[in-house]
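Here are a few friendly notes to read alongside the model. Take them one at a time, and keep the picture open while you go.

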Amino acid sequence: MKSLPYFCRGEVIRGFGRGSKELGIPTANFSDSVVDHLPADVATGIYYGWACVGNGDVYKMVMSIGWNPYYKNTKKSMETHVIHTFKEDFYGDILSVVMVGYIRPERTYDSLEALIAAINSDIEEAKLKLELPEHLKLKEDNFFTSTASSSSVLPSTTASTSQTIMNGH
């Protein structure tokens, strides 16, 4: 995918309410405006990368982009699991993410347990891949230190050289 790494940010909204409650794997969801601005070559599936809430620390993350076939969603979503334990919800805060790589396409599962096992496997794979030097350097990208203002998308071609956030709307 030519669009990787892909930099985006937006407000965390309430999702389907399944991540924490049903799966035990909390997710932060982006609004439709962020999802609608994904480049055409970003396929649905599971991605890994870096995430930052507000002006906080940068953590490893995995992200599901698509329709979540197990749940038969009719609306495309971007659901980010930040690999860190937060003390409280951060709805309304700005989430900045850099999608670094692709793990696998989305698929359905025969059981909730199989889905949870697959997500945990994705998390472990992300942790390993993000230790590679070419991925670690993106954790320090100035995208994470630039002003985390309103929902916006930053083209990957300017991420490391510009402090300017380009409006994705």
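1. One term comes first: a residue counts as buried when its relative accessible area is under 20%, as exposed when it is over 50%, and as partly exposed in between. Keep in mind too that this is a predicted model. Now look at strand β4, which covers residues 58–66: 8 of its 9 residues are buried, so the strand is largely enclosed by the rest of the structure.

2. Which strands does β4 pair with? One partner is β3 (residues 45–53), which runs antiparallel to β4 and is joined to it by 8 bridges. Another is β5, also antiparallel, with 6 bridges to β4. You can pick out a residue pair on each side: C52 has V58 of β4 as its bridge partner, while I65 stands opposite M78 in β5.

3. Follow the chain from β3 into β4 and you pass through a hairpin with 4 residues between the strands.

4. Next, the charged pairs. How many salt bridges does the model contain? The count comes to 5, where a salt bridge needs a side-chain nitrogen of Lys or Arg within 4 Å of a carboxyl oxygen of Asp or Glu.

5. Start with K60 and E131, whose side chains meet in a salt bridge with an N to O distance of 2.5 Å. K60 sits in strand β4 and E131 in the loop between α3 (112–129) and α4 (133–139), so this pair ties together parts that are 71 residues apart in sequence. Is each partner buried or partly exposed? K60 has a relative accessible area of 17%, so it is buried; E131, at 45%, is partly exposed.

6. Then find K75 and D32, which form a salt bridge with their closest N and O atoms 3.5 Å apart. K75 belongs to the loop between β4 and β5, and D32 to helix α2 (residues 32–35), so the contact links parts that lie 43 residues apart in sequence. K75 counts as partly exposed because its relative accessibility is 44%. D32 is partly exposed as well, at 35%.

7. Where do the two residues sit? Both are in helix α3, and because they are 3 residues apart, about one helical turn separates them. E124 is partly exposed, with a relative accessible area of 43%, and K127 is partly exposed at 32%.

8. Some charges gather in a patch instead. E11, E88, D89 and D93 form a negative surface patch. Take D93 as your example: this residue lies in the loop between β5 (77–82) and β6 (94–104), and its relative accessible area of 35% makes it partly exposed.

9. Finally, have a look at N29 in strand β2 (residues 28–30). N29 is buried, since its relative accessible area is 8%. How far apart are the C-alpha atoms of N29 and Y91? They are separated by 8.9 Å, although the two residues are 62 residues apart along the chain.

Definitions and conventions: Residues are numbered from 1 along each chain as its sequence is written. This is a predicted model: local features need pLDDT of at least 70, side-chain atom pairs count only at pLDDT 80 or more; totals for chains, interfaces and linings use all residues. Side-chain values use heavy atoms; hydrogens and water are left out. Patches are made of residues with over 30% relative accessible area and no salt bridge: like charges are joined within 9 Å, nonpolar side chains (Val, Leu, Ile, Met, Phe, Trp, Tyr) within 5 Å. Accessible areas come from the Shrake-Rupley method with a 1.4 Å probe; for residues, only the protein chains shown count as cover. Lys and Arg count as positive and Asp and Glu as negative; His and the chain ends are not counted. The place of a charge is taken as NZ of Lys, CZ of Arg, CG of Asp or CD of Glu. Helices (H or I, at least four residues) and strands (E, at least two) are DSSP runs, numbered from the N terminus. Buried means under 20% relative accessible area, exposed over 50%, partly exposed in between (1.4 Å probe, protein chains only). Two strands pair if DSSP finds at least two bridges between them.
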